[in-house]
Amino acid sequence: MSVSPITTPPIARDAPPKARPKPTGRDLYYSLGSPKTIVAPMVEQSELAWRLLSRRHSPPNTLCYTPMLHSRLFATTPVYRSQSFYPPLDGSNPDRPLFVQFCSNTPEDLFSAAQHVAPHCDGVDLNLGCPQGIARKGKYGAFLQEDWGLIHSLVSKLHKDLEVPVTAKIRILENRERSLEYARMVVGAGAQILTVHGRTRDQKGHNTGMADWGVIRYIRDNLPRDVVLFANGNILWHEDVQRCLDATGADGVMSAEGNLYNPAIFQSDEDWEKRFPRMDTIGREYLDIVRKEVLPGLEEKGQKLLLQDPSVTAIKPHLFKLWHTLLPKHTNVRALLARSSARVSKNGDVLEAYETCLMEVEKIIKAELSQNPEPVDDNGRWTGPDSPFEESAEGIMIEVDGVKFNRLVPWYRCQPYYRPLPEEAVKKGALKVRKSAQSQGVVERKKQRLDTEAGSRLATGT
């Protein structure tokens, strides 16, 4: 059925066009296509090429975030700005919907940085969740969570003055009541979408542990229904997306590590091949995206800046994660990849070293499948990694619609990385336990001081 084109009356020459009001709350969520699946902001990992790859293997309305960008550097350093976000490519039609994330501790810097990206994105997100040491040193990310007055001023500045909506990503605090207060403050300051990572600031590295969906549920149940909330944490398999939605009541689910190890984690197709792509085919698709969709748009930057672009510098860490179950079996490829980098070869190919690695991976998988063909159905399609559950069988226990299965994904297909739980890390000596009595006393004294300071700030309206 043909649709008649919609025409609009011409704008009078003496009347400037009216600015379109920026969407808020539920209207913002609907304008994005009501995404249920979200690719997380990841430092030097959620760059353009990776977002394009992830979108190809996700529902069409999947929302993506840029890596966390430093607001002061972005606002004041043109080279950093050009390297971090390049509008001819970043924020183009294939790269939407898109939120740009900044870390900041100064409202003016944050606003100045956000103004540069506002015409090319659907929203600007404030990072309040980074737990790394560099965030502690720079006083940003999760290390702002004691300074509610500053957080309020950062969010409210963008809410009042920026042309696109402001959103925020937080971590939970020491208990659910305090976490709810924190969430209410951030939303009250003007955050139109709130992402809650169900881990505390201390849960990182070997101490990562499990995210607490129960706290996210408590926040969801006690915020107004018109507040849009995304949940983050514990997403390893596609089935975890619906489990998280059901457990938390969130509007959407964000994946970080799960997406890095399998960019098809949001894929719901019944074709197992699409849900667990082979490492050689996904590697080929990824390098082709860099070569055909990113590099041509970077040529005007010049060779030196092209090689420093995030879509180029991120190739090695991405391939290490994509191939993480193959590399321990084939250490020659691991060593080859470790030595690889993007540089101009004799034939002018900046990706030659990575192409060499990929060719080795292709040979390895081809040889494996010739010796051990995968089981296929009558249509020649792989029958998948699941088998009826048996207690002693290999694989991970997966429950789908109340039925248990053993899931054993072949080592040459993309699959999640299972991080050891803290108690397992302690047994291996990778994590040391602090003296509990001393540490608990420090925590309690710090909490009392924070409660007092927060009460004073809220009472004075600062």
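Salt bridges, counted wherever a side-chain nitrogen of Lys or Arg lies within 4 Å of a carboxyl oxygen of Asp or Glu, come to 29 here. Side chains of opposite charge can pair when their charged atoms come close. The model is a predicted one, where local features need pLDDT of at least 70, side-chain atom pairs count only at pLDDT 80 or more, and totals for chains, interfaces and linings use all residues. Residues are numbered from 1 along each chain as its sequence is written, and side-chain values use heavy atoms, with hydrogens and water left out.

Let us begin with D122 and R96, whose closest N and O atoms are 3.0 Å apart. Helices (H or I, at least four residues) and strands (E, at least two) are DSSP runs, numbered from the N terminus.

Next, E146 and R201 form a salt bridge with an N to O distance of 2.8 Å.

Now look at helix α8 (residues 176-189), where E181 and R178 lie 3 residues apart, about one turn of the helix. Their side chains meet in a salt bridge of 3.6 Å, N to O. R178 is buried at 9% relative accessibility, while E181 is partly exposed at 39%; buried means under 20% relative accessible area, exposed over 50%, and partly exposed in between (1.4 Å probe, protein chains only).
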